[in-house]
Amino acid sequence: MALIEILTPKILKWEGGYVNDPLDKGGCTNMGVTLDTYKRLVNPSATCKDIATMNAKDFEKVLKTFWNRWSADEIKNQSVANILVDWVWGSGVWGIRIPQRILGVKEDGIVGPKTIAALNAANQEELFKKIFDARVKFLNDIVKNNPSQQRFIKGWLNRLNDYKFQV
């Protein structure tokens, strides 16, 4: 079964520290955690200053929430768990709904027993490739629909390309 401890350093590798880019729809962000997410999961009255000084414990709490959204402890293949959790981390519910579409289960954005069963029953390498390809399309569609996001596509694709299938 997949382990969050294996994914955590990869997420941190690509997220970096505090930023507040006016073109980034996430607003002020630290270690990939946006202010809205931090308010929802850690401190409802948080400000950008709280994001800037966020500690590792709070980051781990937030990441665990995203890990749990995919019931990733129940995913048999670490590579599949990593790419799925990273997608929901970066794109919210689309990181569940699109993979559900690929799996042929109800596309409701909620990972339940049927989604996990279909995921674990699939050929893991083929599934990984389908998820990877769907995410490339998803990222390119973001830019196509909002050209102001073009400046981020290279980094998004570099990050995605860092995810490799392993048995």
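Predicted model: local features only at pLDDT ≥ 70, side-chain atom pairs only at ≥ 80, totals over all residues.
1. Helix 5 covers residues 78-91, and its 14 residues reach 20 Å from the first C-alpha to the last, which is close to the 20 Å expected at 1.5 Å a residue. The helix is mostly covered, with 13 of its 14 residues buried.

2. The two ends of this helix can be described separately. At the start of helix 5, a side-chain oxygen of Asn 77 comes to within 2.8 Å of the backbone nitrogen of Ser 79, while the residue that follows the helix is Gly 92, which has a positive phi, near 65°.

3. The largest nonpolar core comprises 47 residues, and Trp 70 and Ile 75 are those with the most contacts inside it. At least two residues of this core come from each of helix 1 (4-15), helix 2 (35-41), helix 4 (56-69), helix 5, helix 6 (94-103), helix 7 (113-121), helix 8 (124-145) and helix 9 (150-161). Leaving aside residues up to four places away in sequence, Trp 70 touches a set of residues that includes Ile 75, Leu 84, Val 85, Val 88, Ile 96, Pro 99, Ile 116 and Leu 119.

4. Of the salt bridges, which number 11 in the structure, one is formed by the side chains of Lys 10 and Asp 162, at 3.2 Å from N to O. Lys 10 belongs to helix 1 and Asp 162 to the segment after helix 9, so this pair ties together parts that lie 152 residues apart in sequence.

5. Asp 86 takes part in a salt bridge with Arg 135, their side chains meeting at 2.7 Å, N to O. Because Asp 86 lies in helix 5 and Arg 135 in helix 8, the pair ties together parts that are 49 residues apart in sequence. Both Asp 86 and Arg 135 are buried.

6. Asp 86 also forms a salt bridge with Arg 159, where the closest N and O atoms are 2.6 Å apart. This pair links distant parts of the chain, with Arg 159 in helix 9 and Asp 86 in helix 5, 73 residues apart. Arg 159 and Asp 86 are both buried, and salt bridges with shared partners join Glu 15, Asp 86, Arg 135 and Arg 159 into one network.

7. The side chain of Arg 159 makes a polar contact with the side chain of Glu 15 at 2.8 Å. When residues up to four places away in sequence are not counted, Arg 159 touches Ile 11, Trp 14, Glu 15, Asp 86, Trp 89 and Arg 135.

8. Six aromatic pairs are found in a search of the whole structure. In one of them, the ring centres of Phe 59 and Trp 89 are 5.8 Å apart and the planes are at 75°, so the pair is edge-to-face. Phe 59 in helix 4 and Trp 89 in helix 5 are 30 residues apart, and their pair links distant parts of the chain. Phe 59 is buried at a relative accessible area of 2%, and Trp 89 counts as buried at 8% relative accessibility.

9. Trp 89 forms a further edge-to-face pair with Phe 66, at 5.1 Å centre to centre and with 70° between the planes. Since Phe 66 lies in helix 4 and Trp 89 in helix 5, this pair ties together parts that are 23 residues apart in sequence. Phe 66 is buried, its relative accessible area being 6%, and ring pairs link Phe 59, Phe 66 and Trp 89 into a cluster.

Key
Residues numbered from 1 in each chain as written. Heavy atoms only, no water. Helix = DSSP H or I, 4+ residues; strand = E, 2+ residues; numbered from the N terminus. Expected span 1.5 Å × (residues − 1). Buried < 20%, exposed > 50% of the residue type's maximum accessible area, 1.4 Å probe, protein only. Polar contact = N/O pair within 3.5 Å; in protein donor to acceptor, adjacent residues only side chain to side chain. Core = buried A, V, L, I, M, F, W, Y, C linked by side-chain atoms within 4.5 Å. Contact = heavy atoms within 4.5 Å. Salt bridge = Lys/Arg side-chain N within 4 Å of Asp/Glu carboxyl O. Phe/Tyr/Trp six-rings, centres within 6.5 Å; stacked < 30°, edge-to-face > 60°.
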